[in-house]
Amino acid sequence: MRYSVLPGSCMLSSRVRLVPTTVRLVHSMICNSSSSFMDLKALLSSLNDFASLSFAESWDNVGLLVEPSPPHPVNTLFLTNDLTEEVMQEALRKKADLILSYHPPIFQPMKCITWKTWKERLVIRALENRVAIYSPHTAYDAAPQGVNSWLAKGLGVCTSRPIHPSKAPNYPTEGTHRVEFNVNHTQDLDEVISTVKGISDVSVTSFSARTDDEEQTRISLNCSQQALIQVVAFLSQNRQLYQKTEILSLEKPLLLHTGMGRLCTLDEPVSLATMIERIKRHLKLSHVRLALGVGRTLESQVKAVALCAGSGSSVLRGAEADLYLTGEMSHHDVLDAASQGINVILCEHTNTERGFLSDLRDMLGAHLENKINIILSETDRDPLHVV
């Protein structure tokens, strides 16, 4: 067991004494009971209500990455774009209870937790100091009020939509497939309905239908992928039913304002030179990198902008626009875009993301009803500099 010295302000007597760390933590909670806080689990639920983690890309590692033993009250939420060792030191100095790191500091699986690498040391220091770590990453990229929508604010008055819309987290009805077939009067309707209703994960509806001047009953059922196999197996036993069976794959509906990237159409077109200045002003940058599209100049008009915060190659590829705006793209993707007459502006990866955190602080403050302190990192910065 580790021992710590209690500061005099929280001691019941003036003498310094050694107490176990667990006692120090409980005592500290009692001494600060007047401070507002949220339980970690309740806070995570509220964060998911703000922007669902279901919007994140399948390859991403989002959500709660490091969790101290419960209960874990959170008084101070610390926001950063990247969690480096320098930023961790700042978070500890500012008494953070939960670090929201936009980029996940843990991405590849860890086989051990030692002092050998900087990411392992982050985990160790977080657990030793009872600090939780949470990362939303691409969930915030996709969210209607997220990073890409913030980036679009710098373009001027425009309308925007996701380049790749997200799908709703749930199907509009039960099941992933719909199976429909007709039953005529010569077949045992009750037996058919009873059999399919007896299959797990199947919901059945029926209604009258007329086919070839014959009154029939139309059976429509929704089922899961696993139940579909059993339904087809049953129907295949009756050739008359099976030959007229329709099987539909149900799709989750698209979300019109949620998804990766943004395609923005300006109300009024502007010159490329004007757009460059707008972007630099919004991102507080003195320089950006520009690739002119073939046949384009700084006076060429920009009406449509396709953008993606961070690394935009895969998201922007194929988008029809006058300008691509992102943090970084591969050399060959830049060449491909330029060959199509599309201008490309690169601002470095995190420069297209970090400014969002100020807006996030205000939005989360309102969403959480100012129940906790929310602070921004002052040491977090892009690792690349123009020299």
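User: Which residues of H4 are buried in this predicted model?
Analyst: The model is a prediction. H4 covers residues 118-128. Its buried residues pack against S4, H3 and S8. The buried residues are Glu120, Arg121, Leu122, Val123, Ile124 and Ala126.

User: At roughly what angle do the axes of H3 and H4 cross?
Analyst: Two packed helices are described by the angle between their axes and the distance between the axes. For H3 (residues 85-93) and H4, the axes come within 10 Å. Their crossing angle is roughly 10°.

User: Is H3 roughly parallel or roughly antiparallel to H4?
Analyst: The axes of H3 and H4 cross at roughly 10°. Angles under 35 degrees count as roughly parallel. So H3 is, relative to H4, roughly parallel.

User: How do the residues of the contact of H3 with H4 divide into nonpolar, polar and charged?
Analyst: H3 brings Glu85, Met88, Gln89 and Leu92 to the contact. H4 brings Trp118, Arg121, Leu122, Arg125 and Ala126. Sorted by type, they are five nonpolar, one polar and three charged.

User: Is His137 buried or exposed?
Analyst: His137 sits in the loop between S8 and helix H5 (138-142). Its phi is near 40°, a positive value. The relative accessible area of His137 is 11%. Buried means under 20%, so His137 is buried.

User: Is Asp201 buried or exposed?
Analyst: Asp201 also has a positive phi, near 65°. Its place is the loop between helix H7 (189-197) and strand S12 (202-211). The relative accessible area of Asp201 is 56%. Exposed means over 50%, so Asp201 is exposed.

User: Which two residues does a cis peptide bond join?
Analyst: Look at the loop between S4 and strand S5 (73-74), where Pro71 lies. The bond in question has an omega of about 0°. It joins Pro70 and Pro71.

User: Which are the edge strands of the open sheet of five strands?
Analyst: The order of this sheet is S4-S8-S7-S6-S21, with mixed pairing. Its twist averages 25° from one strand to the next. An edge strand here pairs on one side only. The edge strands are S4 (63-66) and S21 (373-376).

User: Which residue of S21 does Thr76 stand opposite?
Analyst: Strand S6 covers residues 76-80. S6 and S21 pair in the parallel sense over four bridges. In S21, the residue opposite Thr76 is Asn373.

User: At about what angle does H3 run to S6?
Analyst: H3 lies across S6, S7, S8 and S21. Helix H2 (residues 40-50) lies across S4, S7 and S8, at about 25° to S7. For H3 against S6, the angle is about 160°.

User: How many residues of S11 are buried?
Analyst: Strand S11 spans residues 177-184. S11 pairs with S13 (residues 214-223) in the antiparallel sense over eight bridges. It also pairs with S14 (residues 246-249), antiparallel, over four bridges. Of the eight residues of S11, the buried ones number seven.

User: Which residue of S13 stands opposite Val179, and which residue of S14 stands opposite Arg178?
Analyst: Strands of a sheet pair through backbone hydrogen bonds, either parallel or antiparallel. Val179 faces Leu221 in S13. Arg178 faces, in S14, Leu248.

User: Why is S18 largely enclosed by the rest of the structure?
Analyst: S18 runs over residues 301-311. S18 pairs with S16 (residues 262-271) in the antiparallel sense over six bridges. With S19 (residues 323-328), S18 pairs in the parallel sense over five bridges. S18 is largely enclosed because its buried residues number eight of eleven.

User: Which residue of S19 does Cys308 stand opposite?
Analyst: S18 and S19 pair in the parallel sense. Within S19, the residue opposite Cys308 is Thr326.

Key. Residues numbered from 1 in each chain as written. Predicted model: local features only at pLDDT ≥ 70, side-chain atom pairs only at ≥ 80, totals over all residues. Heavy atoms only, no water. Axes fitted to C-alpha atoms, helices over the stretch in contact; angles between N-to-C directions. Helix = DSSP H or I, 4+ residues; strand = E, 2+ residues; numbered from the N terminus. Parallel < 35°, antiparallel > 145°, perpendicular 65-115°, else oblique. Contact = heavy atoms within 4.5 Å. Nonpolar A, V, L, I, M, F, W, Y, C, P; charged D, E, K, R; others polar. Buried < 20%, exposed > 50% of the residue type's maximum accessible area, 1.4 Å probe, protein only. Pairing = 2+ DSSP bridges.
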